[in-house]
Amino acid sequence: MIVGADIGGHHIAAALVDGATGGLVEGSHRRQALDRKASAEALIAGWAALIDDLDDLAGGRVTGVGVAMPGPFDYARGVGHFEGNDKFEALNGVNVGDALRERARRPHDIRFLNDATAFAVGCSRMGDAPRTGRAVALTLGTGLGAAFLEDGVPVIAGEGVPPDGCLWSLPFGAGIADDHVSVRWILDQARMAGLAAEGVAELASRARQDPAAAAIFDRYGENLGAIAGPWLASFGAADVVLGGRIAGAFDLFAPSLRRALESAGAVVSVRTHPNTEDAAIVGAATTFDETFWSRARTRLPRR
């Protein structure tokens, strides 16, 4: 049994994954809220407790823990680089792998993947992204996550691939990509338009009847296509899979996204995955598929 965990800015989700089949174990899904501003001790204690809970559920038969972790992070060494970030600053410079091993009741081998990469790999394993050829997964939420896959394995360098396979930090407009395709951007646009909304889901619901709200999602699709399109074209991706909170509004930004991708020369099939968390959990657990890991372990971002 493998524990797969998906760590986000507001929660951690985890489940047992059958090492033989790669499938989620029914009834093992766990989810708990977390404070991204908490101390290192509190964060590690909470994550370790969840691992212990699933280890107990598996009768002590857990053989490894795969973790989907947002960056900036040294995925090979398991060290956080969150200085100046809006999340997990207490883990800056901390070897998270060592800290979890020390805190958990039973020591386990712990392996890390970027959260967007884990989502992409999980989509491939679950049949929502191809296992052969080139595909890209984008996670749309607090920021823009991206993962470039070739034959189901992440690619972080080479022709058509941005540095470390990341799009979020690329220059765009008056800032960087994240400034124009995040939850923050959507809600800022809503405020400037005089539209009150607690979150993206509420604004999306309104946009299905309100042209002013709909226009925000239309611009969102244009921005996303302008950012990702040139890279999708140069990488030669045939498929794009979207996940994350904003993907729930895909019907609102799909037309403008597809137009922008076409303008950039990207000929791709675009779809959403119904459960970003489950895909990330399966992808994280795939680090214990030794055939996959023998290739992926040399393609891990250092920051």
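This is a predicted model: local features need pLDDT of at least 70, side-chain atom pairs count only at pLDDT 80 or more; totals for chains, interfaces and linings use all residues.
1. Two strands count as paired here if DSSP finds at least two bridges between them. β1 and β2 (residues 11-17) run antiparallel and are joined by six bridges. Getting from β1 to β2 takes a hairpin of three residues.

2. β1 has another partner too: five bridges tie it to β4 (residues 64-69), and this pair runs parallel. If you want a spot to look at, Gly4 stands opposite Gly66 in β4.

3. Is β1 buried or exposed? Six of its six residues are buried, so the strand is largely enclosed by the rest of the structure. Ile2, Gly4 and Asp6 point one way, Val3, Ala5 and Ile7 point the other way, and all of them are buried.

4. Next, the nonpolar cores. The largest has 50 residues, and the ones touching the most other members are Trp47, Met69, Phe88, Leu91, Val96, Leu100 and Phe112. Helix α1 (residues 40-57) gives the most to this core, with seven residues. There is also a second, separate core of 45 residues, with Ala207, Phe217, Tyr220 and Ala247 among them.

5. Phe88 deserves a click of its own. Leaving aside residues up to four places away in sequence, Phe88 touches Ile7, Gly8, Gly9, Leu34, Arg36, Leu43, Trp47, Pro70 and Phe82.

6. Now to a pair of helices, α5 (residues 200-207) and α6 (residues 211-235). They pack at an angle of about 120 degrees, their axes 7 Å apart. That angle makes α5 oblique to α6. On the α5 side the contact is made by Val200, Leu203, Ala204, Arg206 and Ala207, and on the α6 side by Ala213, Ala214, Ile216 and Phe217. The crossing of α5 past α6 is left-handed.

7. Which strands make up the five-stranded open sheet? In order they are β10-β9-β8-β13-β14, with mixed pairing. β10 and β14 (269-272) stand at the edges with a single partner strand each, so one side of each has no neighbour in the sheet. From one strand to the next, the twist averages 30 degrees.

8. One of the pairings to look for is Asp239, whose bridge partner in β14 is Ser269.

9. α6 lies across β8 (134-140), β9 and β13, running at about 155 degrees to β8. α7 (residues 250-263) lies across β8, β13 and β14, and runs at about 160 degrees to β14.

10. Most residues other than glycine have a negative phi, and most peptide bonds are trans. The bond from Gly71 to Pro72, however, is cis, with omega near 5 degrees; Pro72 sits in the loop between β4 and β5 (73-74).

11. Two aspartates have a positive phi. For Asp151 the value is about 55 degrees, and this residue lies in the loop between β9 (144-150) and β10 (153-155). For Asp164, phi is near 60 degrees, and the residue is found in the loop between β10 and β11 (171-172).

Key: Residues are numbered from 1 along each chain as its sequence is written. Side-chain values use heavy atoms; hydrogens and water are left out. Buried means under 20% relative accessible area, exposed over 50%, partly exposed in between (1.4 Å probe, protein chains only). Helices (H or I, at least four residues) and strands (E, at least two) are DSSP runs, numbered from the N terminus. A nonpolar core is a set of buried Ala, Val, Leu, Ile, Met, Phe, Trp, Tyr and Cys residues joined through side-chain atoms within 4.5 Å. Contact means heavy atoms within 4.5 Å. Axes are lines fitted to C-alpha atoms, for helices over the stretch in contact, and angles run from 0 to 180 degrees between N-to-C directions. Angles under 35 degrees count as roughly parallel, over 145 as roughly antiparallel, 65 to 115 as roughly perpendicular and the rest as oblique. A crossing is left-handed if the near helix is turned anticlockwise from the far one by less than a right angle, and right-handed if clockwise.
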